[in-house]
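Student: I would like to go through this structure term by term. Please set each value against its definition before you conclude.

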Amino acid sequence: MKTMTKKERVFNALNRQEVDRPPVANPTSVATVEMMDLVDAPFPEACRSAELNARLAATEITEFDFDAIAPYFSIIQESSAIGCDMQWEQKDNWPTVRMSNPIWQGSSDVKVPKDFLEHKDTKVIIDSIKILRKEFGNDIPIIGKTMGPWTLAYHVFGVEKFLLGTIDNPSETKLALEKLKEFTYLFGEAQIDAGADILTVPDHATGDLVSGQYYKTFLQELHTEMAENFKVPLILHICGRTVDRMPAISETGMHAFHFDSKNKPEEAMNAVQNKIALVGNINNPETLYSKNTIEVKKEVFDCLNAGVQIIAPECAIPLKTKSENLIAITEGVSDWLSEHNKN
Ligand SMILES: [Zn+2]
């Protein structure tokens with residue numbers, strides 16, 4: 001098969017079509033402290049300056065030879081622009097929202113600030129995408145990221161209060177999600193206009209916090225609508241054990257689901273019945289963070305043997321992940337291919 005560009009490869013994989021080699025792409029983040037030092041773009045500045053952001057994001061191609069660039073490293077850029085109480089942290093920690101101090105009480109408080117897309121912390125991602133598009137041309141796919149309403153609800157209402165509300169007053173929860181989705185659309189569209197080819201939508205209705213039925217009740221319809229409305233392929237990201245909601249996720253019309261290592265590749269592939277592509281699921285806290293390249297490659301093989309379409313760490317990688325373990329992901333794909341072609 002003729003060699004594909006990275007973009008052709010990733011798009012074919014997203015559409016569950018044939019590829020010259022399975023692509024490696026993390027839809028969340030591969031920022032590491034080692035790369036921050038290499039290109040002099042440390043956190044938190046690399047989350048707040050477009051130039052530093054683009055420089056750090058580019059290492060995904062220049063150092064690891066992955067098949068896509070994802071410049072949004074955390075999950076808080078919109079929440080900062082909305083006005084949440086922020087903890088920006090240092091180089092070795094992701095910025096977070098101080099959820100003990102929520103800004104809103106209920107759906108009637110949800111309003112899009114006038115300057116939402118001009119705010120420093122949303123603009124940085126939009127401008128970084130423009131820089132990366134210019135630098136890398138059209139052959140390398142850029143994956144933008146826009147938070148889903150469930151994730152935003154945690155940030156603006158506080159996790160506990162929001163989850164209690166789903167039991168006490170589910171119609172109020174639905175109303176809040178309906179209003180919050182406006183942010184998902186605005187930020188997503190702005191990134192597409194800036195040059196994003198694909199969008200990740202993290203919407204953390206994780207197995208540790210809510211049941212699969214929750215996904216059907218509160219999110220399936222919203223996600224189906226997003227898949228219809230956005231003009232680019234969407235990758236849904238939910239961490240944790242999610243195999244119980246994968247059949248519902250596979251019906252949304254989104255192109256791919258980024259899944260966690262708490263779900264085995266084979267059972268995940270069975271759950272989605274080839275109705276959506278899967279992206280994942282190399283374990284972060286143990287394998288990438290503290291094991292060696294042999295064990296990383298073993299997990300790459302497990303994914304490829306199961307038929308997972310895009311190989312990736314399960315989520316944003318730990319910031320102190322060693323480069324050799326990331327390079328081992330791409331090498332693992334090459335090893336698998338040469339073994340495969342021998343037979
Ligand atoms: Zn995650």
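Tutor: What follows is a set of questions about helices, a sheet and some backbone angles.
This is a predicted model, in which local features need pLDDT of at least 70, side-chain atom pairs count only at pLDDT 80 or more, and totals for chains, interfaces and linings use all residues. Residues are numbered from 1 along each chain as its sequence is written.

Student: What makes a stretch a helix or a strand here?
Tutor: Helices (H or I, at least four residues) and strands (E, at least two) are DSSP runs, numbered from the N terminus.

Student: Why is α6 called largely enclosed?
Tutor: A residue is buried if 20 or more other C-beta atoms lie within 10 Å of its own, exposed if 12 or fewer, and partly exposed in between, with C-beta atoms placed from the backbone. In α6, 9 of the 9 residues are buried, so the rest of the structure largely encloses this helix. Among them are Trp150, Tyr154 and Phe157.

Student: Which elements do the buried residues of α6 pack against?
Tutor: They pack against α4 (77-82), β2 (96-97), α7, α8, β4 (198-202) and α9 (212-229). Contact between two residues requires that their C-beta atoms, placed from the backbone, lie within 7 Å.

Student: Why are α6 and α7 called oblique?
Tutor: Axes are lines fitted to C-alpha atoms, for helices over the stretch in contact, and angles run from 0 to 180 degrees between N-to-C directions. Angles under 35 degrees count as roughly parallel, over 145 as roughly antiparallel, 65 to 115 as roughly perpendicular and the rest as oblique. The axes of α6 (residues 149-157) and α7 (residues 159-168) cross at roughly 120 degrees and come within 6 Å. The two helices are therefore oblique to each other. Their contact is made by Ala153, Tyr154 and Phe157 of α6 with Val159, Lys161 and Phe162 of α7. By class, these residues are 5 nonpolar, no polar and 1 charged. Ala, Val, Leu, Ile, Met, Phe, Trp, Tyr, Cys and Pro count as nonpolar, Asp, Glu, Lys and Arg as charged, and the others, Gly among them, as polar.

Student: What is the relation of α6 to α8?
Tutor: The axes of α6 and α8 come within 8 Å and cross at roughly 105 degrees. That makes α6 roughly perpendicular to α8. On the α6 side, the contact uses Pro149, Trp150, Leu152 and Ala153, and on the α8 side the residues include Leu177, Leu180 and Phe183. This contact has 8 nonpolar, 1 polar and 1 charged residues.

Student: How do you know that the length of α8 agrees with its number of residues?
Tutor: The expected span of a helix is 1.5 Å times one less than its number of residues. For the 25 residues of α8 (residues 170-194) this gives 36 Å, and the end C-alpha atoms are 36 Å apart, which agrees.

Student: What is the order of the strands in the open sheet?
Tutor: The sheet has 6 strands in the order β3-β4-β5-β6-β7-β8, with parallel pairing. Two strands pair if DSSP finds at least two bridges between them. The strands β3 (143-145) and β8 (310-313) are called edge strands, as each pairs on one side only.

Student: How do you know that β6 pairs with β5 and with β7?
Tutor: β5 (residues 234-237) and β6 (residues 256-258) are parallel and share 3 bridges. Another 3 bridges join β6 to β7, which also run parallel. In β7, alanine 277 is the bridge partner of alanine 256.

Student: Why is β7 called largely enclosed?
Tutor: In β7, 6 of the 6 residues are buried, so the rest of the structure largely encloses this strand.

Student: Which peptide bond is cis, with omega about -25 degrees?
Tutor: The bond joining glycine 280 and asparagine 281 is cis, with that omega. Asparagine 281 is in strand β7.

Student: What makes arginine 16 and glutamate 89 partly exposed?
Tutor: Arginine 16 has 16 other C-beta atoms within 10 Å, so it is partly exposed. Glutamate 89 has 14 within that distance, so this residue is partly exposed too. Phi is positive in both: about 55 degrees for arginine 16 and near 60 degrees for glutamate 89. Most residues other than glycine have a negative phi.
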